[in-house]
Amino acid sequence: MNHNDTIAAIATAPGEGGIGIIRISGPEAETILKNVFIRSGKRPEEAWESHRMAYGYLTDHGRTLDEGMAVIMRGPRSYTREDVAEIQLHGGSWVLQQALAICLDRGARLAEPGEFTKRAFLAGRIDLARAEAVMALIRARGEQQHRAAVRQMQGGVTAFVRRAADDLYAIQAGLAACIDYPEEISEEEGAAEMIPRIGKLISTLREGIQERSSRLIQEGLRVTLAGRPNVGKSSLLNALLGEERAIVTPIPGTTRDLIQGEMNLGGIRVVLTDTAGMRETEEPVEKIGVERSRKALAEADATLLILDGSEPLRTEDRELMESLPENAAIVINKTDLPQALQIPETKRTVLRCSAKQPESLGPIREYLIRFTALSDRMAVTQPRHLDAMRRAVQALEAALETVRERTPDLAATDLQTAQEALGEITGDRVDEKLLDAVFSQFCVGK
Ligand SMILES: Nc1nc2c(ncn2[C@@H]2O[C@H](COP(=O)(O)OP(=O)(O)OP(=O)(O)O)[C@@H](O)[C@H]2O)c(=O)[nH]1
Ligand SMILES: [Mg+2]
């Protein structure tokens with residue numbers, strides 16, 4: 001990819017919209033803009049003022065395509081630090097495709113996904129974690145995801161990682177000094193000094209990782225509704241979602257496959273999974289369904305074991321009560337009917353509701369919301385960053401081991417590996433391959 005040419009793309013989402021924006025960045029941006037956009041009430045030779053919107057017409061060799069507004073933002077005061085032109089037109093896809101084609105005809109090249117942001121990164125305007133935050137923000141599907149993206153965009157992740165990298169530099173320098181100048185400080189003494197410092201850095205990074213909170217933000221809370229057939233799992237799923245997501249019938253064994261729906265609790269996405277009623281069966285389809293139910297149960301962050309309050313406890317209910325993990329709560333459903341259920345003593349949380357009475361579902365929501373609490377020590381949330389942090393911790397642990405064994409010179413390589421892993425997060429140390437991998441996940445025009 002050439003980083004000195006001029007790129008162009010439609011920056012707005014595909015489809016019809018009130019307005020659509022063409023974005024151009026690079027040395028030819030202004031020339032192309034002047035060539036295609038005729039300002040109303042101004043002579044062509046009159047200079048364009050930077051960062052000021054002009055009203056006019058997009059034209060192609062004298063033929064008017066659309067009316068709109070345009071602006072030139074001369075570098076370095078622009079998103080990419082290059083000259084950037086933006087043309088706002090009516091947001092029809094044909095108009096925008098034509099407008100883009102005209103800009104390409106005048107010498108621009110179609111931008112690759114994320115190429116504008118990549119240029120901002122290469123120009124040193126933003127670090128890699130902040131560039132990724134732009135995409136995370138665009139993709140945010142809930143309050144907590146959005147909050148994490150804003151924190152990352154404002155440099156929270158970068159600051160955390162750079163502080164760790166600085167501590168690591170100091171450790172590396174200390175270690176190098178005692179290897180290079182053994183007359184000033186013995187290797188033994190020097191190494192002994194490093195042990196608590198490396199240990200502290202490891203715990204700082206470990207704290208920042210907070211796997212559970214990160215996964216909650218990225219993937220949401222996985223909640224599985226379990227129970228024998230006909231207790232009202234699908235009815236509860238529908239009632240919690242407020243929509244008729246799953247089929248409900250009085251016939252036991254109605255649900256055969258996993259059915260999922262999403263809701264939002266405390267700003268966290270909650271993915272509810274309704275399962276096939278658990279029972280011994282020889283019926284092949286249902287058998288697979290029961291297998292899938294077991295798998296969903298194993299992967300869940302929280303489980304609700306549904307029981308039918310209008311019937312006495314059955315063997316299947318009892319077996320599930322015994323086999324489900326400790327964190328599974330019991331939900332006694334059908335409280336609108338005369339109650340006939342007696343349950344054995346249990347340490348589990350027991351909730352009561354009726355799927356037919358939406359106002360009775362409050363306790364279930366309150367119970368689940370407890371699982372959505374996030375750690376305030378969490379520093380990184382994106383999978384790529386978590387992976388790099390984990391590798392840094394691993395390398396530091398290896399270094400600690402070597403230093404403890406009084407062979408500090410061998411620790412240097414591990415410390416360097418840790419330093420490189422941290423550098424991948426901010427982009428202080430990256431290769432073209434990693435950059436391409438990161439930016440290819442962006443939208444075109446961003
Ligand atoms: N009165 C009453 N009936 C309910 C309630 N919840 C579910 N039902 C009824 O119980 C029957 C079974 O409901 P489903 O939601 O299909 O039960 P399920 O657990 O998904 O059953 P399977 O898919 O067969 O495992 C249906 O006739 C529902 O209308 C409730 O709270 N009160
Ligand atoms: Mg069902």
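Biologist: Which residues line the largest cavity?

Modeller: The lining of the largest cavity consists of R141, G142, Q144, Q145, L216, I217, G220, G267, I268 and R269. Helix or strand elements that give two or more residues to this lining are α5 (143-153), α8 (211-219) and β10 (268-274). The model is a predicted one.

Biologist: How many cavities of 30 Å³ or more does a search of the whole structure find, and how much space lies in the largest cavity?

Modeller: The search finds one cavity of 30 Å³ or more. The largest cavity holds about 60 Å³ of space.

Biologist: From which domains does the lining of the largest cavity draw at least three residues each?

Modeller: Domain 2 (130-210 + 379-427) and domain 3 (224-372) each supply at least three residues to the lining. The chain as divided also has domain 1 (7-125). Between the C-alpha centres of domain 1 and domain 2 there are 42 Å.

Biologist: Let us turn to the metal. What are the protein donors of the magnesium ion (ligand 2)?

Modeller: As a general idea, ideal angles at a metal are 109.5 degrees for four tetrahedral donors, and 90 or 180 degrees for six octahedral ones. Here the protein donors are S234, through OG, and T255, through OG1, and they lie 2.0 to 2.1 Å from the magnesium ion. This pair links distant parts of the chain, 21 residues apart: S234 belongs to helix α9 (residues 233-241), while T255 sits in the loop between α9 and β9 (259-265).

Biologist: Are S234 and T255 buried or exposed?

Modeller: Both S234 and T255 are buried.

Biologist: How many disulfides does the structure hold?

Modeller: A disulfide is a covalent bond that joins the sulfur atoms of two cysteines. The structure holds zero disulfides. C103 counts as buried because its relative accessibility is 1%, and C353 counts as buried because its value is 0%.

Biologist: What is the phi of H51, and what is that of H61?

Modeller: H51 has a positive phi near 60 degrees and lies in the loop between β3 (37-39) and β4 (54-60). H61 has a positive phi near 45 degrees and lies in the loop between β4 and β5.

Biologist: Why does H51 count as partly exposed, and why does H61 count as exposed?

Modeller: H51 counts as partly exposed because its relative accessibility is 34%. H61 counts as exposed because its relative accessibility is 69%, and exposed means over 50%.

Notes:
Residues numbered from 1 in each chain as written. Chains lettered and ligands numbered in written order. Predicted model: local features only at pLDDT ≥ 70, side-chain atom pairs only at ≥ 80, totals over all residues. Heavy atoms only, no water. Donors = N, O, S within 2.8 Å, 3.2 Å for Na, K, Ca; no water. Helix = DSSP H or I, 4+ residues; strand = E, 2+ residues; numbered from the N terminus. Buried < 20%, exposed > 50% of the residue type's maximum accessible area, 1.4 Å probe, protein only. Disulfide = S-S within 2.5 Å. 1 Å grid on protein atoms, 1.4 Å probe; cavity = no way out; pocket = protein on both sides within 12 Å on 5 of 7 lines; lining within 4 Å. Points joined across faces, edges and corners; volume = space filled by probe spheres on them. Domains from an automatic or database assignment.
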